[in-house]
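Open the model in your viewer and keep the selection tool at hand. The stops below say what to select next and what is there.

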Amino acid sequence: MKVRSSIFASLCLILEVLGIALFLRGFFPVPIKSSFSSKSKLSDLPAEPFTGSSPNSSKLPDPLFKRVVIMLIDALREDFVFGSNGRNDMPYTRHLVERGSTHSFVAKARAPTVTMPRIKALTTGSIPGFIDVVMNLNSPALLEDNLIWQAKAAGKRMVFYGDDTWIKLFPKHFMEYDGTTSFFVSDYTEVDNNVTRHLDSTLRRDDWDILILHFLGLDHIGHISGPHSSLIQPKLLEMDDILKKIHGSLILKEAEGTLPYLLVLCGDHGMSETGSHGGSSEHEVNTPLVLISPAFKRKAGMEKPSTVEQVDLAPTLALGLGLPISQNSVGRLIQPVAEEASLRDQLRFLHVNGHQLGCLLKDSTPAYEKEVGYEQFRVAEKSHGNWLKLMVEGNTSEVLTNMGKKVLKQYLEALRAMSAALSKQLGRYDMYSMVVGMVLVFQLLLLLLLAMPEALSSASLVDLPVSSALLSLPFYLLCLLLSSVHVLVCTSAESSCYFCSLSWGLVFGVVALSSALLCILVAMGARRLSLGSMSSGKSPARGGGGWSLSELDILLLVGTAGHTLSLAASSFVEEEHQVWYFLLNTLCLAVFQDVCRKYFRERRANAGQVGSLEDEDQDEMASPLADLGVTDMGSERWLALVTPLFTLVCCRLLRSFNQTGVQWAHLPDLGHWLNSSEHKVVLSVVTTMSLILIYFLVQRRCSWVSKIALALGLLGVFSYRAAVGNVMFPWQHGSRNLSKGTVEARFVYVFVLGILFTGSKDLLRSQVITTDARLKSRGLWEIYSGVVLLVSLLFRAHNLPVLCCCLLVQTLMAQFIWKKLHYDAAQTTIMHYWFGQAFFYFQGNSNSIATVDISVGFVGLETYVESLAVFLTALSTYAGPLLWAAHLVCYLSSENRSSVAVGHGCYCLALLRSVPMAAYVVLVTALRYHLFIWSVFSPKLMYESMHTLLTAAICLFFTTMEQSRSSSRL
Amino acid sequence: MWDQEIRQMASSHAIMASGVFMATVVPAVLVPGFSVYGTHLLWLYSVAGSVAVVNITLFWLLGVSPPTKKHTLTYKVSKLVRSCLYLFLSCLFFHTVVVLYGAPLLETALETFSLAVLLTSLTTLRCVCVLGPNVQAWIRVFSRHGAMSVWDTSLQMVVGCSVVGAWLGAFPIPLDWDRPWQVWPVSCSLGAVIGYLTGLVVAPTWIHWHRKHLTYKSK
């Protein structure tokens, strides 16, 4: 069966996406759950270990606290409270930490440091899997056993104000609530006022037991301007005042004889030096945890706060309130909290906690009895029993106390070990699904590679031996074999496996696909081999295929391979932008060398024809620059020479626009400089200039309707930025009240749709009615300009110069380099891909989840519409690669290119994406127990998969373009 | 075919390599507290200096550089001045390229410029010695099939190896190992010097290996 290479490539890529989806499903582990789906009950609690025969209680000791106020400040970093600025920023809190009856800790959050998984961690005590990040934007109700559910079941009355994620997670749990949506990141006062306005009345009342406050303002400030902005201090002071108010009213309510209150100040995650979060740098992970209660000893001075895990809060609160610990909690009691209780109660608390951890361990590991922690717990339980026996017998000697302390120590040790063992358990993978996905991806990659000579031939047709493979005996045998393997694996696997839970039809489809691919691969491989031996037998002089490689080809191949290899190192994943910038610079230099060579060699050749042997002196005097101006094609040569250099300078400039990555992300960059309020005028000017330049670069090849639409659209972009408050209107200096700019953004959307519509209309007309190549290229260009307009709306104001540079480089390179130097489609595609990758990072992206700008999903929307928000976010994140791919289509299908160029480009794009993707899938599988797997490699895996999906869509677009071309040719 | 020249080249390359070696060892003995990482710039300049001295002396003694037609003093002086000018321009060129590759513009300007000086001494200086201050000849040698003698081929190789060495030397910088040789510009200058030494070894070996197939167009 003969297939055109573009169709072949898109087909491969789409199947690959399916394989990746299967792999991802297997890779992101389902969090450990207790085998009982029910929730913990008080009646399930273990009895106090007692070797005697007296009536031992299975009750919990009396609760330590009556009321709990949890004040959760989003993105509260540890050093905001405990650092050197804490004394000024949060004076009251600091005073309490140093002198009050408090316990202070640094609570370590786990990656991903995003709000919803952290709320889950705080309430369930378990560590939510990475996949929760993806679900972060729409939080369904939390069904797992959790503290809030337990409190409600125990009849506690709860009040909640703050981030509405809580309300979605715990619907109908709160007696009274008021949620604020956190999506309008630019607002940082109203979100907190929404919380504070209820505070006075609530604090005056007595009808609640637990009050939870979640303040979002600080996080929003971090997103807008970073942790060192001038907005931070007033916000922290405001928070400090709120804490003071709560503490004061709690003290007032305090009555003799009742249980004390507990006030918890904590953060869900920190913020990085750039103000975002999601990764696992020190600043993002370390949050303060201050527990304030009259039950604690007064502090004498500032001590260095000790470190606990964030998940430890859940069991501590549960025990402090006399509730059962939620089943899936991997946290352990923060022991100082119970310090003032009697030794018996303390031991009981630890025993309950240990028992719960032990149960969880039993459910999650088959060989739980060999775990060190479990053994230690058994020993501690036994000595606990002995101690109780002595105590009940009335022994009150020093020996008893010492023994009790020893038991306490044993318990703590056991808890620590069990908690660690459980945390390690969280990375359990569904290897079978992963392997199946990986095999599919690899088969497709091999297929792509084997088809290379045919796909890149001048016919651009790939001969796939599909029918012969499907009718061959090995195919059926393989199907049978793989099916039996599947049955064998699924019946023997003890853990749950996604691929096994699929329906039989689907599984058989995958099995048949895989075996068919294998057969095709073998057939093609055999054909290649026989062809190879034939050709080498015929003409030994030609050697291996007869493809001579220039330096540029070598660079392109080595660069692609080198980049793929570099993904194995976590630092290179974190700093991937450096690799791309480096490669891009080298590419520009290589192109420069090519240009030089072309023009100077030509000149020399001409000189040789004339036959005037140059004298040495003349040769020396004639500097290369001097004679350029004299020749006929002078200006063009000049421009061709200058273009790579200009691109180099551009890249250097763009590199300092957005510092990304991890190691150097804190360095000052132009983006921050432009965004600070003092430089608003500069930003306005830069934005205006960029928009004008964008207009002139894009309008060249549009129809006049689109030109007008584009101009109006770009005007709309500026007024949107002005309405949101990023830039200033030149005629409006006073402070205007800021809006969300919905009207302006929708105005732009209308023009985007209009331009896209005209473009597709032109394309359709060129395809159906006339066979006008010019009409078609205009249509393509209009679609491209529609995308540019949309991107310029979505990009932040300081990123508009990046877009502008992108267009400028595209125009210059197309005009003076790609056309003039006659690079073939494959070379051009690789260069486009490299540029696309580099611009992905130029626009401020990185391989950490933290840099995804979700505020883009709300441009021009009043409410949160999930599908649109996801689409817009993906579009703006991958704007760089997308724009370069769009430009590639326009360039390759422009009039004077050969008709197979689009097919070649599509094939190369698919191959370029498949190689790193396949390699990365293997790498991630091999490194699945690496320390940084969750913080570094998993986000990258998400990015890579998303990019592959996007490339598949682009390849489909390529295919339709090529199809119309060939049909118009007929 | 070119046995004598290859022998000459091998021995001269050996002397150059030992020059680099001496430039590392001698200051280590003489200067207290000298180390390649710690006092990196000192090492860098000592290597650059020794390479320059050895190159100029050797090529002057060997007489590889193209014969001059005029023997007037002014001509010689102008040639010398032009060589110096080209060397300086090449320093600036390398500095610019390194900055374009991402080196900080102002903060580590001295280090960057030192690297540029080292690269110049490893590459451009040899060009000046072999080909004279003649940009056309340089362009000829570095374009495809442009070599006209064994020395041109060796020049291509040594220069290529040095530059590629410096290029490869930049790769360890983003790694988070916190080693002293990851500090800018240690890895790059080390890479350049190692590449240079490799080039010195590879060039005569390769030429010796391919001496049967080597053909050069005459001028």
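Which residue forms a salt bridge with Asp762(A)? Select Arg778(A): the closest N and O atoms of this salt bridge with Asp762(A) are 3.3 Å apart. The pair links distant parts of the chain, with Asp762(A) in helix α32 (residues 742-768) of chain A and Arg778(A) in helix α33 (residues 773-794) of chain A, 16 residues apart. A salt bridge here is a side-chain nitrogen of Lys or Arg within 4 Å of a carboxyl oxygen of Asp or Glu. Helices (H or I, at least four residues) and strands (E, at least two) are DSSP runs, numbered from the N terminus.

Before going on, some notes on the model. This is a predicted model, in which local features need pLDDT of at least 70 and side-chain atom pairs count only at pLDDT 80 or more, while totals for chains, interfaces and linings use all residues. Residues are numbered from 1 along each chain as its sequence is written, chains are lettered from A and ligands numbered from 1 in the order in which they are written, and side-chain values use heavy atoms, leaving out hydrogens and water.

**Stop 1: the two ends of the first pair**

Color Asp762(A) and Arg778(A) separately. Asp762(A) counts as buried, at 3% relative accessibility, whereas Arg778(A) is partly exposed, with a relative accessible area of 30%. Buried means under 20% relative accessible area, exposed over 50%, and partly exposed in between (1.4 Å probe, protein chains only).

**Stop 2: other salt bridges**

By this rule the count comes to 25 salt bridges over all chains. Select Glu98(A) and Arg87(A), whose closest N and O atoms are 3.1 Å apart in their salt bridge. Glu98(A) lies in helix α4 (residues 91-99) of chain A and Arg87(A) in helix α3 (residues 86-89) of chain A, so the pair ties together parts that are eleven residues apart in sequence. Glu98(A) is buried, with a relative accessible area of 12%; Arg87(A) is partly exposed at 47%.

Next, select Lys235(A) and Glu238(A). Their salt bridge has its closest N and O atoms 3.2 Å apart. Both are in helix α12 (residues 232-253) of chain A, and because they are three residues apart, about one helical turn separates Lys235(A) from Glu238(A). An α-helix has 3.6 residues a turn, so residues three or four places apart point the same way. Lys235(A) is buried at 4% relative accessible area, and Glu238(A) is partly exposed at 26%.

Then select Glu454(A), Asp463(A), Arg527(A) and Arg528(A) together: a network of salt bridges links them.

**Stop 3: helix α38 of chain A**

Select residues 901-926 of chain A, which make up helix α38. This helix, α38(A), has 26 residues and reaches 38 Å from its first C-alpha to its last, close to the 38 Å expected at 1.5 Å a residue. The expected span is 1.5 Å times one less than the number of residues. Of the 26 residues of α38(A), 22 are buried, so the helix is mostly covered.

Within this helix, pick Ser914(A). Is Ser914(A) buried or exposed? Ser914(A) counts as buried, at 0% relative accessibility. Show its surroundings: not counting residues up to four places away in sequence, Ser914(A) touches Leu13(A), Glu16(A), Leu445(A) and Leu448(A). Contact means heavy atoms within 4.5 Å.

**Stop 4: a distance to draw**

Draw a line between the C-alpha atoms of Val686(A) and Val865(A): they are 32 Å apart in space and 179 residues apart in sequence. Val686(A) is in helix α30 (residues 680-699) of chain A and counts as partly exposed, at 24% relative accessibility.

**Stop 5: chain A as a whole**

Now select all of chain A. There are 39 helices and ten strands in chain A, and 57% of its 970 residues count as buried. Among its contacts between residues at least 6 apart in sequence, 79% join residues at least 24 apart.

Color chain A by pLDDT, the predictor's confidence in each residue, from 0 to 100. The average for chain A is 83, and 88% of the residues score at least 70. Over residues 538-546 of chain A the pLDDT is below 50, and this stretch has zero contacts in the model beyond near neighbours in sequence. Residues 608-632 of chain A also stay under 50, and the model has 27 contacts for them beyond four places in sequence. Where pLDDT is low, the predicted coordinates should not be read in detail.

**Stop 6: a patch on chain B**

Finally, select Phe21(B), Met22(B), Val25(B), Val26(B), Val29(B), Leu30(B), Val31(B) and Leu42(B), which make a nonpolar surface patch of about 730 Å². Patches are made of residues with over 30% relative accessible area and no salt bridge: like charges are joined within 9 Å, nonpolar side chains (Val, Leu, Ile, Met, Phe, Trp, Tyr) within 5 Å. Accessible areas come from the Shrake-Rupley method with a 1.4 Å probe; for residues, only the protein chains shown count as cover. Helix α1 (residues 3-30) of chain B gives the largest share of the nonpolar patch, six residues. Met22(B) is found in helix α1 of chain B and is partly exposed, with a relative accessible area of 46%.
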